[in-house]
Amino acid sequence: MLRRAVEDASTGSDSDYSNSWISWFLSSKGNEYFCEVEDDYILDRFNLTGLNTEVQNYTQALDLITDNLDDDFQEELRGTLDIQARLLYGLIHARWIVTARGLAKMLDKYKKADFGRCPRVLCQGQPLLPVGLTDVPYEKSVKLYCGRCEDIYSPKSSRHGSIDGAYFGTSFPHLLFLVYPALLPPKSGPADPARGVVGINPGAGAAAVDDPRRRGARVRDELVEGADGLGEAINTASVALRADRYRPRIFGFQINEVAKLQRWQEAMRDRQVARLETLEGS
């Protein structure tokens, strides 16, 4: 599915290549999450170590990215080569954005909320950051990480939802907060006092923010909609136990402070599940 989406997005006319390939790629719809990788980084072969084993027609794809492809290259093969060039640029991009200069470029996009804002009301419009669930291409699409609730969300646009998560990697947002600790949002209270609460109707009152009765009804409705129609009783505790938990990692290692917080959160979750099992069993 993801591979097909990437291939479908690779169409273009000859006039698209009148400018540099990278500028054409970045200006294409759906590629707003990407930043420009500097030429010096791409031309340093040390930075591309190992990518020749992951990309077919590696040499030609690199020539296309750097605008050094021979003019006599077969035009009918350009579409296939463009797919490989996108893959190569995406993998280079994942390495670039964890460098000092790459982090600075992505920081500018983060400050402008180019990746969107968290849909959770209590996060009060916290800007999101792209993250991959795996570093292997063609496995998982990109997700958006909220540093406030420490959860991930799918992009709203289908064009962004078809971007490969490996083009951003699993470490980027957490490394950004590690390098710029002042940007790490608080877990409670207003994210930006000057902005106030985002997405809440001032005349709606506190009930619009968090009404336990409405929240409970919404959870029951979601459980009913997610039932598989087999006539099995809905068990809230079993649903809670099946929920996957996103774990932030940097280069495969779990972040210490986040790991401590998640252990406490999971202990609290286990207590709540035990209470649900007791209530539903009575």
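Q: What percentage of the contacts in the protein chain with a separation of 6 or more comes from residues 24 or more positions apart?
A: The model is predicted. Its protein chain contains eleven helices and five strands. Among contacts with a separation of 6 or more, the share from residues 24 or more positions apart is 67%.

Q: What percentage of the residues of the protein chain count as buried?
A: The accessible surface of the protein chain is about 16500 Å², and carbon and sulfur atoms hold 51% of that surface. A residue is buried when its relative accessible area is under 20%. Of the 282 residues, the part that counts as buried is 36%.

Q: Which element gives the most residues to the largest nonpolar core?
A: This core has 54 residues, and those touching the most other members are Trp 21, Ile 42, Ile 65, Leu 88, Tyr 89, Ile 92 and Phe 168. Elements that give two or more residues to the core include α2, α3, α4, α5 and α6, along with strands β1 and β2. With nine residues, the element that gives the most is α5.

Q: Is helix α5 largely enclosed by the rest of the structure or largely open?
A: Helix α5 runs over residues 78-96 and reaches 26 Å from its first C-alpha to its last, close to the 27 Å expected. Of its 19 residues, 16 are buried, so helix α5 is largely enclosed.

Q: Which residues does Ile 42 touch, not counting those up to four places away in sequence?
A: Ile 42 is one of the residues that touch the most other members of the largest nonpolar core. Contact here means heavy atoms within 4.5 Å. On that basis Ile 42 touches Ile 22, Val 37, Leu 48, Leu 62, Ile 65, Thr 66, Tyr 89 and Ile 92.

Q: Is the ring pair of Phe 34 and Tyr 167 stacked, edge-to-face or tilted?
A: Planes under 30 degrees apart count as stacked and those over 60 as edge-to-face, with the rest tilted. The two ring centres are 6.1 Å apart and the planes stand at 50°, so the pair is tilted.

Q: How many residues apart in sequence are the parts that Phe 34 and Tyr 167 tie together?
A: Phe 34 and Tyr 167 are both buried, and both belong to one aromatic cluster that also includes Trp 21, Tyr 89 and Phe 168. Phe 34 is in the loop between α2 and α3, while Tyr 167 is in the loop between α7 and α8, so the pair ties together parts whose separation in sequence is 133 residues.

Q: Which residue forms a salt bridge with Arg 101?
A: The structure has three salt bridges. In this one the closest N and O atoms are 2.6 Å apart. Arg 101 sits in helix α6 and its partner in the loop between α2 and α3, 63 residues apart. The partner is partly exposed, with a relative accessible area of 24%, and is Glu 38.

Q: What is the relative accessibility of Asp 82?
A: Asp 82 forms a salt bridge with Arg 86, with the closest N and O atoms 3.2 Å apart. Both lie in helix α5, about one helical turn from each other because they are four residues apart. Arg 86 is buried at a relative accessible area of 8%. Asp 82 also counts as buried, with a relative accessibility of 0%.

Q: Which residue meets Asp 114 in a salt bridge?
A: Asp 114 is partly exposed, with a relative accessible area of 31%. The side chains meet at 3.7 Å, N to O, and the partner is Lys 109.

Key. Residues numbered from 1 in each chain as written. Predicted model: local features only at pLDDT ≥ 70, side-chain atom pairs only at ≥ 80, totals over all residues. Heavy atoms only, no water. Expected span 1.5 Å × (residues − 1). Buried < 20%, exposed > 50% of the residue type's maximum accessible area, 1.4 Å probe, protein only. Areas by Shrake-Rupley, 256 points an atom, 1.4 Å probe, with all protein chains shown as cover. Core = buried A, V, L, I, M, F, W, Y, C linked by side-chain atoms within 4.5 Å. Phe/Tyr/Trp six-rings, centres within 6.5 Å; stacked < 30°, edge-to-face > 60°. Salt bridge = Lys/Arg side-chain N within 4 Å of Asp/Glu carboxyl O.
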